[in-house]
Amino acid sequence: MHRFAARIGSAFAILVLLATTVVRAETVSYAFERSSITFTHIGRTPNGTAVGIDDPAFRSLLKSLGATLTWRTGERMVLITTSAPEVIGFGVGNPQYSVGAVTAQARFAAYMNGSEVYLPFDDVLHALGVSAQDGVLERLLTSLDVQGYGVQAVLVAHGGGILHPRVVTDAPDRVVYEFDGVGTTLAAQRTVNAGGIRSVEITSSGSARDPKTVVTIDLLPGTRHDAPQSGSGEFEVAFGANGSAPPLVEPLQQSVAAASQSAAATPSPPPSDMTNAAATPSSSPSPQATGNATVTAVSVQAGNDGSQTVAIAVTGDATYEWHRLRAPDNRFWIDIENAQLAGGPQDQAEVNPLIALRVRQIDPQTVRIALSLAGDNALDVSPAATGITVNVGTGMLADTAPRGGTGSIGAVVSASEPQTLVTPVPADEYGATGGDQTNWKFGPQSYVPTNPKLIVLDPGHGGSDRGSMHGDLQEAILNLDLAKRVQAILVARGWQVKMTRTIDHDVDPTPRSTQEAIGIGHDNADAYALQARDDIANEAGARLFVSIHCNAYLNSGPNGATVYYSKPMDEPLAQIMDRDIAMSDLGVKDDGTVKSHLYVTLHANMPAVLIETAFLSNPTDYAKLASSQWRQQMAQAIADGIDKYAQQNPVTSSAQ
Amino acid sequence: MRVSRPLFGLVLLLAVAAVAGWYFSRPNVSAPSGPSVTVYYTKLDGTTLGTWDVSFRAAQPGESDAQRLHDLAVYAALQAVAGPPPDISAVHFPAGTRVRDVSVNGSTATVDLTREVGSASGGTFQENGEFKGLVYTLTGIPSINAVQITIEGQTVGTLPGGHLELDAPLRRSDW
C-alpha cells in the first residue's frame, strides 16, 4: 500500500512539475485584415503571452507586413527585418530587445521551448507596429508628427507594414488621407499653425475587422503641398505656407512594388533653420490622467560651462522613451508612461542651448516633455533618484547619434554600460582613396603594351543589358554615343582605337578566355560579358582601357562625374582623367576618383578606368547627358585626358 | 512524530517541483545589455563612410565563441543591409533586399542575399556604396577580414548588368 501511494505521489509530483515548468500549449485567434488568424504556438508566462517563431500564423503575419525573420536552429537571437527596413532583435534569455538603434524593455525575455524560440507577443507586435486588442490584430498608425521649419512643415506618420493611404480630398484648404486596414490609438485633433497647416485631425473608422484611419489636414490659405510619399512603415507630406515651396524631403524606402511604380522625388537637405518649435506636443486640452506615477515638476538649471540641466521630478515607478525628430530639426521629446502630470501644462522659453520646453499630458497614461535645442547641441537622458535628468548642451550632435532610447524610474534597474565589440575604422580610411593601399588583390605590377598606339574604349552595357534608363535616355545608347565621339577625336589625333562594341548589342564572351579567367563551374553571363570586354584589350596588348558609363541611383540626389579605378597602375590615369573632366567647364560636379572592386578595371592588364560621366537619375545631369553638345565636350575631356596621360607616362621597354 | 518514507519522498518531490517551477517561470530582469556593434553605411557622396551603433545581445551561459561570432555576423549583416535610420542619408540596397543567411568560415563571412539586390538599375555608385558599407561592417568584427557575397545561395561574378566583381571575397582593401 505504501509503495502504491508512493508511485501515485511521484506521478502526481511529475505532473505538477510539468504543469509549472512547461509552457502550456494553446491557441489564440484574432481577426486580421478581413479574415481570421489563429496562432497555435502560444505560451503563457507570468508576464504575458509568448508566440513561437515557427507558428504558421506568426510567419503569415510577418509576410503580410512585409517582414522577414532570420533564425536558424541553435541561434540565440531572433532577428526580424521589417518592411521599413528596420531590424528587430530578440535575444534568448534577454528581456531587452532592439528596434534599429533603439533598445527597449520587453515584458519578459524570449525563451526556448524545445527547439523553438518564443517571443513576447505584445512586444514583437508593438515593434512591428501592430496592436492586439479585443480579439483583433490591426496595423497601427503609431505616430504622427508635424515637423515645422518656419513657413515649411513636414507631416510624418509611422506605422506597421506598408502605409499607402488613399487621397480622399485634395482641396486648397484641406487634404484628407485614408489608411485602409490601419487602426490607430492617436485619434485626436491638434492645432498646429506651422508650415501652412492649421490643424491635423486623426479619426478612426471602419470596423474591427476592417479598420480605417483618416488623417484630415486643414490648411491656411495659400498653402502648397507636395504629393505624399508613401513607403514601408512611413508616410510623409511636405507643406509650404503662403505660396512658398514645400521642403524637399528624403525619399522613403519603398516596397519593391511601390518602387517599381513610382519615380523618386528630388532629395535635398531640408532647411537648416528651425523657427517653429510648437508643432509637438499637442496644444489640445490635456486628457484626463490615469497613470500611477506623477510628474511633479520640470525645472531648468544652468550649468557653469554653458550647459543646462532639465530635472524632471517623478514619484512612483514609470518607464520612459525619448526620441529625436529627424534632422535638421533638433528637437527631442520624452514620453513618461504610466504617469500623470501634476500642475498642468507648462510652456517655457529658454536661452541657448535649450530654446523651448513644453510639458503636456498627451494621453491618460503619458506625460510628454518636448525640448527644442539650438544648433547641433546634443542632450543626454538618464534616470535619477528623483526622476529623470536631461543634460543639454554638453556635446554636439553627431549625425549618427541615437534617435531614441528607453529607461525606467523606480523599481527596474537600468542596463549596464554597453561595450564596443566592433573595431572602428581609423579616420584616415574614410574617403575616396581610403583603404589599405598596399594590399591589392589583382593585376600585374607593371605592364608593357604590345600595341602602344592602341586605346580600347568600352561603351558600357548594350544589347540585352540597357544599363540605367531614365526618361527617354538609355545608358547603353548614351555610352556608345560618347565612346564614338571619343574614338573620332582620338583617331584624328593619330591613335588607333578599338571599341568593345560599335553597335547596340551584347558583347559576346569568348568561352576559352572566360573559362580561364573566371574558373570552371562558374556560371555568370554578366561576368563573362565583362571579361569579354577585357579580353579585347588584353589580347590586343592595348595601351589603355577606358570604360564609359552613366551613373544612376535610387533617387535624384547624387550627381556628378566619377572616375573609378581598381589597380595601382590605374590610379595615375584616373587622376589625370578626373582632373581633365573637372577643368573642362562641363558644368558637372567633380566627384573625384574612387577606388573600387570593378570587374572591367580589375581584369584589364593595362591601366584602366571606368568613367561615370554624370547621373541619369539627377535632373540637372540628365539635361546635360541629353545634350549632344555636352556629350561632345565630355568626349573631348576624356580624349584630352588620354593624351595627357600618354604624354606624362611614355611607354618604356620595362613598364608603365 | 514519525513520518513515513513514501510520504517524505512525495513532499520532497513536490518541493522540487515548486522550486523548479519558480526557477523556470521567473521573469529575467537582470540580464545586462550586450555590446554595441558599429554598422557602416556609405554617405551620398558615394565614398565616405558613416557609422551608427546598435546593441547586440549579451553573451549567454554555455554559448560557444563560434556560435556568438555567427550570431554577431548575422546581426551585423542584417543591420548593414537594412541601412541606417531613415533620417540619415545613405546609399541603400535596393528595396526588398534581405539577408538569407550568413556563415563564418575562418576569417571569411559569407553573406547570402536575396535576388532583389540585383533589381536596381543604379550605376556603379550604388553597387560601390552598398557593398562597401556591408563589407566594412562585417570586417569590423574581430576575426573577420573578408566577405563573400552570394545571391540566393549562388556565387555570382557580378550583379545582373553590374559592375563590381563578386565571385571572390571582398575586403576593406578593395576600396
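Residues are numbered from 1 along each chain as its sequence is written, and chains are lettered from A and ligands numbered from 1 in the order in which they are written. In this predicted model, local features need pLDDT of at least 70 and side-chain atom pairs count only at pLDDT 80 or more, while totals for chains, interfaces and linings use all residues.

View 1. Chain A has 11 helices and 40 strands, and chain B has three helices and six strands (DSSP runs numbered from the N terminus: helices are H or I of at least four residues, strands E of at least two). From the N terminus on, the order in chain B is α-β-β-α-β-β-α-β-β. Of the 656 residues of chain A, 49% count as buried; of the 175 residues of chain B, 54% do. A buried residue has 20 or more other C-beta atoms within 10 Å of its own, with C-beta atoms placed from the backbone. Among contacts between residues at least 6 apart in sequence, 62% in chain A join residues at least 24 apart, and the figure for chain B is 60% (contact: C-beta atoms, placed from the backbone, within 7 Å).

**View 2. The largest nonpolar core.** A nonpolar core is a set of buried Ala, Val, Leu, Ile, Met, Phe, Trp, Tyr and Cys residues joined through C-beta atoms within 7 Å. The largest one has 171 residues, of which A:Val609 and B:Ala77 touch the most other members. Helix α2 (residues 65–82) of chain B gives the most to this core, with 10 residues. Apart from this core lies another, of 29 residues, among them A:Phe332, A:Ala339, A:Leu354 and A:Leu371. Leaving aside neighbours within four places in sequence, the contacts of A:Val609 include A:Val546, A:Val563, A:Tyr565, A:Leu573 and A:Met577.

**View 3. Helices α2 and α3 of chain B.** α2(B) and α3(B) (residues 124–139) pack at an angle of about 155°, with their axes 9 Å apart. Axes are lines fitted to C-alpha atoms, for helices over the stretch in contact, and angles run from 0 to 180 degrees between N-to-C directions. The two helices are therefore roughly antiparallel (over 145 degrees). B:Ala73, B:Ala76, B:Ala77, B:Ala80 and B:Val81 of α2(B) meet B:Gly133, B:Leu134, B:Thr137 and B:Leu138 of α3(B).

**View 4. Helices α8 and α11 of chain A.** α8(A) (residues 571–582) and α11(A) pack at an angle of about 135°, with their axes 8 Å apart. Residues in the contact include A:Leu573, A:Ile576 and A:Met577 of α8(A) and A:Ala637, A:Ile638 and A:Gly641 of α11(A).

**View 5. The buried face of helix α10 of chain A.** In α10(A) (residues 619–626), A:Asp621, A:Tyr622, A:Lys624 and A:Leu625 are buried. Seen down the helix axis, these residues fall within an arc of 160°, so they line one face of α10(A) (arc of the directions from the helix axis to the C-beta atoms). Their packing partners in chain A include α5 (475–492), β37 (542–551), β40 (608–615) and α11 (628–648).

**View 6. Helix α3 of chain A.** Seven of the eight residues of α3(A) (residues 121–128) are buried, so this helix is largely enclosed by the rest of the structure. Among the buried residues are A:Phe121, A:Asp123 and A:His126. A:Gly129 follows α3(A) and has a positive phi, near 75°.

Methods. Buried ≥ 20, exposed ≤ 12 C-beta atoms within 10 Å, placed from the backbone. Contact = placed C-beta atoms within 7 Å. Parallel < 35°, antiparallel > 145°, perpendicular 65-115°, else oblique.
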